[in-house]
Amino acid sequence: MGIKGHLLVNSFLKTRKFTEHYQCLINSAKKYGIELIVIENTDILCYYGAYGSKFEEYISSMLYGDSFLLFWDKDIRLGRQLEKICQEKGIFFCNPIDAIAACDDKSLTYQKIWEWNKDKQKDMQIPLIPTITAPMSYLNTGYTNTGFLDKVIEELSLPVVVKECSGSFGMQVYLAETEEQLKETALRLGGTPHIYQKFIKESSGRDIRLEVVGGNVVAAMYRHSVNGDFRANITIGAEMEPYTPSGRECQIAVNAACALGLSFGGIDLLFTGSGSEAGVLCEVNSNAHFKNIYECTGINVADKIISYISGQVKV
């Protein structure tokens, strides 16, 4: 009997940008003789209370004969229920839900990395961008005063990068060059969780993406803006080229994945100082899209992920 598993995806992300990645994983599974069945989060409603036992029975039936569940979504509440059942059934589950949740909240990402650094020797620590989490407010209240921004400017200086805690592809990321712009951005975001970060001038419009799978860097690319944007995301117009990371860059990326508990993920590093090495963590992506890095390097990260999973499962 061969390996069988499920790929859970979000029912509301059906654009080509997403579906082609799901198909890449399916194609890679076929290469390894693995049956990979797609299921959507709307196919499995998350039940509690009186219906909890029915939910578990249904999931157990659906996963019968499975060796793994590849959770390619950010539906954290559903994921926690599925992960628990998989653990009870001895089914390999990845990425771990706590890791996905930490990556999907930029403030929590930095908190987890900060906790990691406290317990590690200097050579194992992960350099972080100076970051301040915005004070919590409510959507129907917003900020009734912005006095706290004086501390933000004092600590980080202008310009300041403002990022919503949830966001992908460089979206929901803003550059406030003046005190007035910073105030306007803060007021506009209001009750939306966000962070303030020091603007790393040396890395403006450029970064590196490293794909980590199973504790190893399997692919890397250099991204750079060609339109003057301070962000280096391909989705918003940046260009890319293959990149050979240094040992230190690889170590930072692997440590970041380990600190967050990721089986695989995309790690973005920024350049600092006058050197050519990227030495500070920018973001970590649990469900990183890998089409661009494949087109850039010829390395199929989907193959790497499926190969890693095949080595972890029980047949």
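Strand 9 (residues 206-213) and strand 12 (residues 264-271) pair in the antiparallel sense over 6 bridges. Strands here are DSSP runs of E with at least two residues, helices are runs of H or I with at least four, and both are numbered from the N terminus. Two strands count as paired if DSSP finds at least two bridges between them. Within this pairing, Ile208 has Leu269 of strand 12 as its bridge partner. The model is a predicted one: local features need pLDDT of at least 70, side-chain atom pairs count only at pLDDT 80 or more, and totals for chains, interfaces and linings use all residues. Residues are numbered from 1 along each chain as its sequence is written, and side-chain values use heavy atoms, with hydrogens and water left out.

The two strands belong to an open sheet of 5 strands, with the order 11-10-9-12-13 and antiparallel pairing. Its edges are strand 11 (239-242) and strand 13 (278-285), each of which pairs on one side only. Direction ignored, neighbouring strands of the sheet are turned by 30° against each other on average. Axes are lines fitted to C-alpha atoms, for helices over the stretch in contact, and angles run from 0 to 180 degrees between N-to-C directions. Strands of a sheet pair through backbone hydrogen bonds, either parallel or antiparallel.

Strand 10 pairs in turn with strand 11, in the antiparallel sense, over 4 bridges. Tyr222 has Glu241 of strand 11 as its bridge partner. Strand 10 is largely enclosed by the rest of the structure, because 7 of its 9 residues are buried. Buried means under 20% relative accessible area, exposed means over 50%, and partly exposed lies in between (1.4 Å probe, protein chains only).

A helix lies against this sheet. Helix 8 (residues 247-260) lies across strand 9, strand 10 (216-224), strand 12 and strand 13. Helix 8 runs at about 60° to strand 9.

Two helix pairs were examined next. Helix 1 (residues 16-31) and helix 10 (residues 301-312) pack at an angle of about 55°, with their axes 9 Å apart. Helix 1 and helix 10 are therefore oblique to each other. Angles under 35 degrees count as roughly parallel, over 145 as roughly antiparallel, 65 to 115 as roughly perpendicular, and the rest as oblique. The crossing of helix 1 and helix 10 is right-handed. A crossing is right-handed if the near helix is turned clockwise from the far one by less than a right angle, and left-handed if anticlockwise. Cys24, Leu25, Ser28, Ala29 and Lys31 of helix 1 meet Ala302, Asp303 and Ile306 of helix 10. Contact means heavy atoms within 4.5 Å. By class, this contact of helix 1 with helix 10 has 5 nonpolar, 1 polar and 2 charged residues. Ala, Val, Leu, Ile, Met, Phe, Trp, Tyr, Cys and Pro count as nonpolar, Asp, Glu, Lys and Arg as charged, and the others, Gly among them, as polar.

Helix 6 and helix 7 (residues 179-189) pack at about 130°, with their axes 11 Å apart. Helix 6 and helix 7 are therefore oblique as well. Helix 6 passes helix 7 in a right-handed crossing. Leu149, Asp150, Val152 and Ile153 of helix 6 make the contact with Glu179, Leu182, Lys183 and Ala186 of helix 7. These residues divide into 5 nonpolar, no polar and 3 charged.

The loop between helix 6 (149-156) and strand 6 (160-164) holds Pro159. A cis peptide bond joins Leu158 and Pro159, with omega about -5°. Ser157 lies in the loop between helix 6 and strand 6. Ser157 is not a glycine, yet has a positive phi of about 65°. Its relative accessible area is 36%, so Ser157 is partly exposed. Most residues other than glycine have a negative phi, and most peptide bonds are trans. Cys94 and Asn95 are also joined by a cis peptide bond, with omega about -10°. Asn95 lies in the loop between strand 4 (92-94) and helix 4 (97-103).

Ile76 is placed in helix 3 (residues 76-89). Ile76 counts as buried, at 16% relative accessibility. Leaving aside neighbours within four places in sequence, Ile76 is in contact with Ile97, Ile100 and Ala101. Ile76 and Ile97 are 21 residues apart in sequence and 6.5 Å apart in space, C-alpha to C-alpha.
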